[in-house]
Amino acid sequence: MERLRTTGMVIPNDPNTQIAYEFRHIKRPLLMRAFPLNDVACDGGNVIVVTSAVPGEGKTFVAICLALSVAMELERRVLLVDGDMARAETSGYFGAVGELGLTDVLADIRLSPEDVIMGTDVERLLLMPTGSPNPNTTELMNSDSMKALVQELAVENKDGIVLIDAPPLLATSEAAVLTGHAGQVVMVVEAERTPTTVVEEALSQLTSTDNVRLILNKSTHRPRKHGYYSYGYGYGYGYGPGRR
Ligand SMILES: Nc1ncnc2c1ncn2[C@@H]1O[C@H](COP(=O)(O)OP(=O)(O)OP(=O)(O)O)[C@@H](O)[C@H]1O
Ligand SMILES: [Mg+2]
């Protein structure tokens, strides 16, 4: 909890911070797309991959805040999957580096997802760490086993969200592969740093789904006086084929 607080993340049981307010806005369209008709997801829309064009734009920050926000307010279960093998930052936040995780369940057919999913301090928030270092992560991500695993997780969590913290699109090949398994993609864009052409190049790799949303992150615009934030950290908006 102290780590979340000092990093400026959403704090469980403290819904009145600016960041909590912003993530409430961000999660709403994602949840509406995941559960369009009823309480149960049916077409994989509950699998959401968080990525960005280049490193350091805030993927892990957004993935964790989104996970906490969903788990905190809507009483939906969230499975946070650390799919960034090179950094394993999400696993680090939860003190789960070195634990069994995604690579292990993909590489060892004797393991099932339950063997590598951990509970956390936060109610309704589960974690699948990256797992043991593996030289063939791209192949593992691209495998039929990965596709089958994501489908299994989507069904097992059909009343909740499977949220995958992915690597950046332009720095790895894993990220594009991972987005191919997702029903929705959240692309984090660092304000005043990532050039439009770079964002466009990354977006051109997202060919498997039109359900892509951008989050403008780390903006330094100040909130308006009446409490609404035009460009606060993490303002989300839709992105689709009609707007390209
Ligand atoms: N909205 C935000 N408010 C405050 N700090 C933020 C925000 N977004 C990101 N940060 C900080 O910026 C740094 C980079 O963020 P983060 O690690 O989430 O990026 P990343 O895209 O996951 O990076 P990598 O590509 O290395 O995995 C971290 O120190 C994080 O705490
Ligand atoms: Mg990260």
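**Exercise 1. Classify the shell around ligand 1.**

Solution. By class, three residues of this shell are nonpolar, five polar and six charged. Here Ala, Val, Leu, Ile, Met, Phe, Trp, Tyr, Cys and Pro count as nonpolar, Asp, Glu, Lys and Arg as charged, and the others, Gly among them, as polar. The model is predicted: local features need pLDDT of at least 70, side-chain atom pairs count only at pLDDT 80 or more, and totals for chains, interfaces and linings use all residues. Residues are numbered from 1 along each chain as its sequence is written.

**Exercise 2. Find the residues and the helix around ligand 1.**

Solution. Start with the count: 14 residues surround ligand 1, each with a heavy atom within 4 Å of it. The closest are Lys 59, Phe 61, Arg 87, Glu 89 and Asn 217. Next, the helix: α3 (residues 59-73) gives the largest share of the shell, three residues. Helices are DSSP runs (H or I, at least four residues), numbered from the N terminus.

**Exercise 3. List polar contacts of ligand 1, then its cover.**

Solution. Look for pairs of N or O atoms within 3.5 Å. A nitrogen atom of ligand 1 is 2.8 Å from an N or O atom in the Asn 217 side chain. An oxygen atom of ligand 1 lies 3.0 Å from a polar backbone atom of Gly 56. For the side chain of Lys 218, an N or O atom is 3.2 Å from a ligand 1 oxygen. The protein covers 79% of the 630 Å² of accessible area that ligand 1 has on its own (Shrake-Rupley method, 1.4 Å probe).

**Exercise 4. Name the main helix of the lining of the largest pocket.**

Solution. α3 gives the most to this lining, with three residues.

Notes. Chains are lettered from A and ligands numbered from 1 in the order in which they are written. Side-chain values use heavy atoms; hydrogens and water are left out. A polar contact is a pair of N or O atoms within 3.5 Å; within protein, one must be able to donate a hydrogen and the other to accept it, and residues adjacent in sequence count only if both atoms are side-chain atoms. Helices (H or I, at least four residues) and strands (E, at least two) are DSSP runs, numbered from the N terminus.
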